[in-house]
Amino acid sequence: KPSCCRMTITTEELLDLYEQHKSSGEGSDAIAALLTLKDAIKSYDGKTVSEFTQWIQDLSDTLSDSSESTVASVSSACKSFCRTITNSHILVGDWKKAVEKEAEKFTAKALSARRILTGIAVKFIKDDVSVLTMGMSKVVLEVLKQARDKSSRLNVFVAESQPSKLGHKMAKKLVDENIHTTLVSDAAVGHIIDDVDVVVCGAEAVVENGGIINTVGTHQIAMIAHFHQKPVYVVAESFKFSRLFILNQREVPSPKNQGPLETEFDDVQTINPAFDYTPPSFITLLFTDKGKMTPSAVSDVLINL
């Protein structure tokens, strides 16, 4: 860390605080990271704006680098937080109090984002419908719970999301909520697509062109749905909006601890990405706490964030 930046909270203390927020059940890993940054600000005792700007960015990078499974969402959330609280109109006068106030405001909005976007998205899940999803998204789970409450019949297909098997976790949570659920192998998505009315997925990050980074397999599911003229809805909080501009799958960030694909053969190379990129052309609508929008509207929203 630069010597000018006074780390009044150690890296160990920062990560311990992050783990506490993660285990509290307040929300996703991204929410936990935002709450950690908000709490850490109270310990800062530097004197200048430039010191603080560098210091909070260092904390943000530490949290992003430490995140094992959701590097994209944590990084996007931290960057959004830093952009907001280091805005030039805040860092004037009694800027320390202003920063603390802005941090409280930002995290409060983040905590309410899921409730807001769920209320918007659920209106597009019609009665007597079959939904296909993948991975384990708490936002998608909340949307489907509300859809169950207003529907006479809701059927959900869940792609198992190999090799992480996050779809298994999602299927278990849906069954626990008394939602009719069918777990489907990833290779069988094309087989069951005619029985699907709509695809609903979350996002680790929403990138500048309106595409998304999400659990690997999202791209091929969206592509199959697009080919079969099935709508693809993405539900994601606005703090996941990122100024990344992804051109191909090789540019998608991956967790540092992502291991190779397990195989019985020692002399076979493997590819085992955690996330993939779904282009905006495969996405019908995005539902966020900023409202519903087409992928083409994302860049305009980013300008105002």
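The buried residues of helix H6 are Val139, Val140, Leu141, Val143, Leu144 and Ala147. Buried here means under 20% relative accessible area, exposed means over 50%, and partly exposed lies in between, for a 1.4 Å probe and protein chains only. The model is predicted, so local features need pLDDT of at least 70 and side-chain atom pairs count only at pLDDT 80 or more, while totals for chains, interfaces and linings use all residues. Residues are numbered from 1 along each chain as its sequence is written, and side-chain values use heavy atoms, with hydrogens and water left out.

H6 covers residues 138–150. Helices (H or I, at least four residues) and strands (E, at least two) are DSSP runs, numbered from the N terminus. The end C-alpha atoms of H6 are 19 Å apart, which agrees with the 18 Å that its 13 residues should span at 1.5 Å a residue. The expected span is 1.5 Å times one less than the number of residues. The buried residues of H6 pack against helices H5 and H7 (166–176). They also pack against strands E1 (129–134), E2 (154–159), E4 (198–201) and E7 (232–235). Contact means heavy atoms within 4.5 Å. Ser137 caps the N-terminal end of H6, with a side-chain oxygen 3.4 Å from the backbone nitrogen of Val139.

Helix H2 (residues 29–41) and helix H3 (residues 49–66) form a packed pair, with axes that come within 11 Å and cross at roughly 145°. Axes are lines fitted to C-alpha atoms, for helices over the stretch in contact, and angles run from 0 to 180 degrees between N-to-C directions. The crossing of H2 and H3 is right-handed. H2 contributes Ala33, Thr36, Leu37, Ala40 and Ile41 to the contact. H3 contributes Phe52, Trp55, Ile56, Leu59, Ser60 and Leu63. By class, this contact has 9 nonpolar, 2 polar and no charged residues. Ala, Val, Leu, Ile, Met, Phe, Trp, Tyr, Cys and Pro count as nonpolar, Asp, Glu, Lys and Arg as charged, and the others, Gly among them, as polar.

H2 is largely enclosed by the rest of the structure, because 12 of its 13 residues are buried. Among them are Asp29, Leu34, Leu35 and Lys38. H2 reaches 19 Å from its first C-alpha to its last, close to the 18 Å expected.

Thr107 lies in helix H5 (residues 95–121). At 3% relative accessibility, Thr107 counts as buried. Beyond its neighbours within four places in sequence, Thr107 is in contact with Leu34, Leu35, Lys38 and Phe81. A polar atom of the Thr107 side chain lies 3.0 Å from the backbone oxygen of Ala103.

Several loop residues were also examined. Most residues other than glycine have a negative phi, and most peptide bonds are trans. A cis peptide bond joins Gln162 and Pro163, with omega about 0°. Pro163 is in the loop between E2 and H7. Asn178 has a positive phi, near 60°. Asn178 is found in the loop between H7 and strand E3 (180–184), and is exposed, with a relative accessible area of 70%. Phi of Gln229 is likewise positive, near 60°. Gln229 sits in the loop between H9 and E7 and counts as exposed at 74% relative accessibility. Gly217 occupies the loop between strand E6 (212–215) and helix H9 (218–227). At 11% relative accessibility, Gly217 counts as buried. The C-alpha atoms of Gly217 and Leu174 are separated by 20 Å.

Definitions and conventions:
A polar contact is a pair of N or O atoms within 3.5 Å; within protein, one must be able to donate a hydrogen and the other to accept it, and residues adjacent in sequence count only if both atoms are side-chain atoms. A crossing is left-handed if the near helix is turned anticlockwise from the far one by less than a right angle, and right-handed if clockwise.
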